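Please read it alongside the sequence and the coordinates.

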Amino acid sequence: MKNPSNLRTILGSVLVVLVAVLAAQGGRLLHLRVNAPSKAQNVRDRKHIPYTVTMREIIHAPDGTIKVSRNVVEAIRNDGSMLKMTSTDKGARRSLNFSSGLQVDTHDLDGTKTSKENLNSNPKRWQRDPSSQCMNALDGEPFDSDQILVGEETIAGFRTVKITTGIITSWHALDYGCAKVKDVWQFGPNEFTEKELVALNGGEPEANLFQVPANYREVSPSERVLGPNKDRRPCNEAGVKALRKLDDDYQRAKRATGKERK
């Protein structure tokens with residue numbers, strides 16, 4: 001029979017070794033937990049991918065006639081600020097959403113602007129994430145609730161994903177920050193509007209796209225849309241209601257911003 005004191009000595013040595021091993025493993029696991037990036041961290045680390053894309057909008061009427069409607073420019077800056085601009089032979093209109101939360105809509109022909117601050121602005125909601133096949137925004141949430149991923153296609157030499165959302169089908173360039181390079185709005189069997197690619201450039205957009213001249217006059221949304229001509233009116237009752245809502249939202253945002261600053 002073994003000496004009990006020797007047995008206790010052996011067991012004690014084994015216990016010390018096990019404690020040391022477990023401590024080392026625990027420290028290693030703790031180190032991994034502390035240093036491994038969480039899902040939230042991964043979302044915060046996603047960077048905006050700057051680009052400028054120009055498309056031409058074409059209207060296909062039910063009678064088969066085709067009309068070039070306008071040019072559309074969309075751009076994202078490194079800081080997440082976003083531009084959407086439409087232009088015709090009658091001038092350009094811009095919608096600027098700055099990463100600071102400031103939103104400015106302009107009518108460049110009339111030299112007017114409508115400004116408001118969005119207190120809960122989140123620029124990571126404005127751009128799709130290429131790592132999710134453009135289905136999620138950079139904040140990790142789905143970009144649209146009812147979108148469907150159809151597959152991948154090559155459009156004008158660019159690798160894209162095709163996504164449907166209701167009556168809209170859009171194609172997004174995977175290697176250019178999910179820039180939209182084509183879309184189709186299908187209103188009926190023979191009635192649809194499409195945008196076709198004119199140009200796509202990666203990198204920081206031209207600075208003048210985001211610049212608003214200091215002499216632009218601040219006006220309500222309805223005046224910016226209709227212009228200074230008092231004889232102009234919305235084409236129907238729905239237009240009147242839409243403009244009234246825009247004006248109400250504008251005044252509400254102005255009041256909220258004023259309270260926030262006090």
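The model is predicted, and local features are reported at a pLDDT of at least 70. Its twelve-stranded sheet is open, with mixed pairing and the strand order E7-E8-E9-E10-E11-E1-E2-E3-E4-E5-E6-E12. E7 and strand E12 (217-218) are at the edges and have a single partner strand each, so one side of each lacks a neighbour in the sheet.

Strands of a sheet pair through backbone hydrogen bonds, in either a parallel or an antiparallel manner. Strand E1 (residues 51-60) and E2 run antiparallel and are joined by ten bridges. Within E2, Ile-66 is the residue opposite His-60. E2 is also joined to E3 by six bridges, again antiparallel. Here Asn-71 has Ser-87 in E3 as its bridge partner. Strand E5 (residues 102-107) and E6 are antiparallel as well, with six bridges between them. Ser-115 in E6 stands opposite Val-104.

The hairpin of E1 and E2 has five residues between the strands, and Gly-64 takes a positive phi near 95° there. In the hairpin of E2 and E3, five residues lie between the strands, and Gly-80 has a positive phi near 95°.

## Disulfide

How many disulfides does the structure hold? There is one. It is formed by Cys-134 and Cys-178, with the sulfur atoms 2.1 Å apart. The pair links distant parts of the chain, 44 residues apart: Cys-134 is in the loop between strand E6 (112-117) and strand E7 (148-155), while Cys-178 is in the loop between strand E9 (168-173) and strand E10 (179-188). The disulfide is left-handed because the torsion about the S-S bond of Cys-134 and Cys-178 is about -90°.

Both ends can be classed by accessibility. Cys-134 has a relative accessible area of 0% and is therefore buried. Cys-178 also counts as buried, because its relative accessibility is 4%; the cut-off for this class is under 20%.

The backbone at these positions deserves a remark. Most residues other than glycine have a negative phi. Cys-134 has a positive phi near 65° without being a glycine. Cys-178 is not a glycine either, and its phi is positive, about 65°.

## Salt bridges

Side chains of opposite charge can pair when their charged atoms come close. The structure holds 13 salt bridges. The table lists some of them.

| Glu-196 | Arg-56 | 3.0 Å |

Glu-196 forms a salt bridge with Arg-56. Glu-196 lies in strand E11 (residues 191-202) and Arg-56 in strand E1, so this pair ties together parts 140 residues apart in sequence. Glu-196 counts as partly exposed because its relative accessibility is 31%. Arg-56 is partly exposed too, with a relative accessible area of 28%.

Lys-195 and Glu-57 are both buried.

Through shared partners, salt bridges join Glu-57, Arg-70, Glu-74, Lys-180, Asp-183 and Lys-195 into one network.

## A buried serine and a surface patch

Ser-81 sits in the loop between strand E2 (66-76) and strand E3 (82-88). Ser-81 has a relative accessible area of 0% and is therefore buried. Which residues is Ser-81 in contact with, leaving aside its neighbours within four places in sequence? They are Ala-75, Ile-76, Asn-97, Phe-98, Ser-99, Trp-126 and Phe-210.

On the surface, Ile-167, Trp-185 and Phe-187 form a nonpolar patch, and together they have about 290 Å² of accessible area. Phe-187 belongs to strand E10. With a relative accessible area of 47%, Phe-187 is partly exposed, since that class lies between 20% and 50%.

How values were computed. Residues numbered from 1 in each chain as written. Predicted model: local features only at pLDDT ≥ 70, side-chain atom pairs only at ≥ 80, totals over all residues. Heavy atoms only, no water. Disulfide = S-S within 2.5 Å. Helix = DSSP H or I, 4+ residues; strand = E, 2+ residues; numbered from the N terminus. Buried < 20%, exposed > 50% of the residue type's maximum accessible area, 1.4 Å probe, protein only. Contact = heavy atoms within 4.5 Å. Patch = residues over 30% accessible without salt bridge, like charges linked within 9 Å, V, L, I, M, F, W, Y side chains within 5 Å. Areas by Shrake-Rupley, 256 points an atom, 1.4 Å probe, with all protein chains shown as cover. Salt bridge = Lys/Arg side-chain N within 4 Å of Asp/Glu carboxyl O. Pairing = 2+ DSSP bridges.
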